[in-house]
Structure formats: C-alpha cells, structure tokens
Amino acid sequence: MIVSKLLFNARSSKLRLRTLLVVPFVLQVVTAVGLVGWLSFLSGQKAVSSVANILQSELAFRIERELQGYFENPHSLNRLNSVAFVQGDIDFAAAKNVAQFFQQVKISPYVDAVYCATNREGTFLGVSRVTQENDFQIMLRSDATGGRMNLYSLDNLGNRRYFEEALKKYDPRVRPWYTAAVRAERPVWSDVYLDFTTGLPTITASQPVYSEGSGQLLGVCATDVLLPKDFHNFLINLDIGKSGHAFVMDRSGAILSSSTEEQLLVGSGENAKLLPATDSTEPLIRETARFLQAQFGGFNQIGRSLQTTFVLNGQRQFLQVLPFRDGRGLDWLIVVVVPESDFMGQIQANTRNTILLCAVALVVAIALGILTSHLISQPILRVARASEDIANGHLNQHIESSRISEIARLSNTFNSMSDQLKQSFSDLATKNEELRIAEETYRSIFQNALEGIFQADLDGKFINVNPAMARIYGYNTPEEMLNSLADSETQVYVNPKEQEDLRQQLEEHGEVKDFECQVYRKDGSISWIEENTRAVRDQYGNLLYFEGLVEDINHRKREEKALQRLLGELHIAIDQKRVEEEVNKITESDYFKKLKDEVAKLQTEHSQYK
C-alpha cells in the first residue's frame, strides 16, 4: 500500500525518541566540559608561551651580561699595558719588568696571556698561564732568541727564574691579532682560533700603540682569553627547563660554548677545529642550528633578537636568539631553546582530569537520559504501535487517554486522525478508480489514434511517440523509432531550415498549426507530413518540452499534384477549342470566301497557261 510505504520510509529516516532524549543531553554535557577543557588548554598554552618567552629572554640577557663581564676586562688590561708601553715601563730587551703582566694574568682566571710586541724589531714579551694552580711563564721573542719563542719560569712573586723551552720561530707582526689591530687602528677582537701553545679555543683582544708626539705605530698590546671554562659551567648550571639547552656560536656556526658536556673540538693537531652546531651530537642543538640556517639562509642573516618556535619530533620548541656584539669585533649568537613539553606537564595533567570528569559526566548523563526517556517514551510507543497497525491496513484503531496532558492531547488527536483517515481512504479509493479509468482512456486514445502523437525535448529529440507516429516514419514500433532516432544529431527534416523555422515560431508564438514539411522515413525515402505542435511550459514560463500531432499528407499531396496536372490539360484543351472557333469564323467570312474564289481563279488560269 502506498500510505504504508510512506509511513515506513518516514519512520526509518527518523531517530528513536530515546535517542533524541539521551543524545542531546549527553552532547551538551560533553560539549560544555570539553569546551571548558579546551579553552583551559588553550589558555594554558598561551600562558606557557608567554612564560617561555619571558624565561628565554631572561636567560639570554643573563648569558649576555655574563659574556660582557668576561670580555670587557681584557681591553682594560690592554689600555694599561699600552700606557706602560709608551712610557717605556716594559723592558723588552731584558724581559725583567713583567710584574704588571704577571699580576694581570694572576688575578684574571679566564685570561690566558698578556703581552705586547714592538713594530720595528718584532720583539714579543708577555706572561702566560701554564696551569690554573698559579703556574706562569714568561714568553720572549727577540733578535737575541734567534726569532724563536723562549719560555721562562716565574716564581710566586713574578720574578724570572730559569729557561724552560725554546719553541719554533715566531713573528708576532704577521699574526692575526697584530694585523687586525694595525688595520683597524683601534681596539679589536680576533676571530676564535686554536692557541699557538695550548691548542685550545682562544680569542685575543688587541690594541695598537702609538707614540704620543708623532703618532707613529710602536706596536700592539694584546690579551688572550680562553673560552672560559667558568662560562661553560655557568651555562650548565642555568635552569633551562628540564631538557632545554643554551649555546653560543659564532657567525660561521661553530659552537663556542654550550650547556652540555659535549666535546667542542673535532679533529686533532693541525686539523683540529671547533664543532659546527649543525653537526652537534646533541639533537636539540643540531636541529635548532639547522632550523636557523634553513630559515634565514645563513647565520650571518640574523641581525636582531628574535623569538620563534619550530617542531622537532612532533613537539613544539621555543627558541630565543640574541646577537651578542661589543663594538670591537665580537659578533656571536646566544641561542636558548626549550621544548614546550617542559612547561606542559601541569596542563597535560589538567587535560587528563578534564577527560576523566567528562567521562563521569557522560555516564551520569546517559543514565539520567535513559530514565527520562523511559518515562516519556512508553505512552508514545502505544501511539507508534497503533500508527504501525494503521500503516498495515488496520484502520480501526483507538488509543486510551493518558494522565499526561500532552500525551492525552496526542491520543485525542490520533483518534480523530484515525477517523479522518478511514474517510480519506474511502475517498482516495474512489479517486484512484476515476484516475485509472481516465488513464486507460488516455492510453487508448494515444495508442489507437490515427494521427501521430509525439513529445520532444528542447533539442528536438523525440522522447515519446505513439504507434501511428512510428508508422508514418516507417518504423514497426514506437520503441524502434525512439532507439533509431536516439542520436539528437540525426537529421529528420529534409530541409533543416524548415526545422529552424518551426522552432522559431514555437518560441515566438508557443504553437504552430498546419505546418507542412518533408521528412526522412526509416528507409531513407521522403514523406510529406503536416505538423501541429505546441510548447509546454511550467508555471514560471520555463520551456519544458514540445508536443504535437503529425498527419501523413502524402495522399493529399499526390491528389493536389494530379489536380494541378488535370487543370493544366484542361487549360490546353480550352485554348485549342478557341483557336478552332476563330478559324471557323475566318473561313465563313465574306472576305475569306472572296480570297478562296480568287485562289481558285488563279489556279484555273495557271492550268490554262500550261
């Protein structure tokens, strides 16, 4: 039954009342708790980012201040030694007055050597640290040493004791620390290098010395600073989260110091060099350096302090980079990197608590929803069962009223609907019978009509024809005709212009009557038809399709042609009779008779002459 199917489809596309009562309530609880948890998580993330940025900035500035403390004093020592150089207080020849150098190295634990060199002779005099246990030595290079660097021991008061060792030849005037100061004509720093004697990473602060009067270059005073072990310990002892790191590197990317125990020298002997940050064995330092190199195209491109993040192994890393410059040639990068997970422990714990609360709320919501739905759904299920019985054809249904006012109204409405439905079914059965009779009548007319009846789409393609239409076009059945003319480009009209004229008239006037044209039949022969067509439109005036009647007028055309031929012959016969009548009139006239007598007379005379 049609109504039964409709009710079944409507029912199958709906949700159960119990589901509608439980699910929205549960979704509200889960959404509310989840939204609060998510907002709390986002707020925590934002707070973490803010705290991480502040912490990183503070750490970077602390490292910067520490570096400034290490690398400001060497230039002060150079200024003092330059004054002594100009005043002649440094005895380059005898190498005796080195108390000033000795005291400077002794009180500065991160200073490795203090020395000066003359420009003219290339004489070099200074004091260097041998060990951290107050063991020092004099360094002397002069013409008297044959250009070699001689080493002498010192006592606790800084007095020269005895000769220890002669190193290879050495000319201070060609060393980078000397040439850099002369070229800059001001205090400068050298690049980080491996020390001549110790082989350890060292940086030198150097200052040119000029005479007071002429300004002539006298030489250069310098201070060697080993990359301080104290600074390395300072970085290690920094509180950089649980697994964060800090490191300092030069613009070439070599690590100068870091908060790890990683060995910063690679290779040995003359092949020894500082470890590039991109080759670090510590993954966080290595990947941070590679990120910066890829992000900026090189460490030289980082011109200002920056804070950013990047992802390593699926975790976000907070990154702070602070350029360190002192105006005398130091140009390093202080890098602090801290994993986000170091700050997210409490937030993740809160997230777990939120999930647990959400689960408990979900269970409670489901239980309450099931109980509520049971109390509400039972009366409604009785209505549903009665509705199913009606859908199955059992229309005599009646539901008892309920104590719930809304359900009672529903029951009364259902009973009223049941009575109306029985009456509607009776009326519908009558209407269906009338419709069936009308449909059979239309089908009989369509199938048995002598005229061709068709429907065509907007492209002129036939979508429905009756048997008479098929016979006119030479087909056995309508199906054969539709299949044969399935291609919309198949030419039916002999003269395509006639088809265009027909379509234009339909679009302009909506219908065309008594339109005669020639068409191709199935066997390719040409047939005359008369077409009456109209355009079918919807309520908005949009063109839907064409429909019309087609009549075979070949017989009429043949009769018209035969009639035209008969009229032509009759016209000829009438013209001949008129000629004969004119001839008779002429022969019966007196003038013709006179001419006839004259001709006879002439013939007689002619015969006589012969």
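Modeller: A disulfide here is a pair of cysteine sulfur atoms within 2.5 Å. The model is predicted, so local features need pLDDT of at least 70 and side-chain atom pairs count only at pLDDT 80 or more, while totals for chains, interfaces and linings use all residues. Residues are numbered from 1 along each chain as its sequence is written, and side-chain values use heavy atoms, with hydrogens and water left out.

By that rule there is 1 disulfide. It joins C116 and C221, with the sulfur atoms 2.0 Å apart. The C116 and C221 link is right-handed, with 105° about the S-S bond. C116 sits in strand β1 (residues 111-118) and C221 in strand β9 (residues 217-226), so the pair ties together parts 105 residues apart in sequence. Strands are DSSP runs of E, at least two residues, numbered from the N terminus. Both C116 and C221 are buried, that is, under 20% relative accessible area with a 1.4 Å probe, protein chains only.

As for strand pairing, take β15 (residues 315-325): 8 of its 11 residues are buried, so the rest of the structure largely encloses it. Strands pair if DSSP finds at least two bridges between them. β15 runs antiparallel to β14 (residues 306-312) over 7 bridges, with Q307 opposite Q320. The β14 and β15 hairpin has 2 residues between the strands, and N313 takes a positive phi near 55°. β15 also pairs with β16 (residues 331-339), again antiparallel, over 9 bridges; there P323 faces L333. In that hairpin 5 residues separate β15 from β16, and G327 in the turn has a positive phi of about 80°.

How values were computed: Buried means under 20% relative accessible area, exposed over 50%, partly exposed in between (1.4 Å probe, protein chains only). Helices (H or I, at least four residues) and strands (E, at least two) are DSSP runs, numbered from the N terminus.
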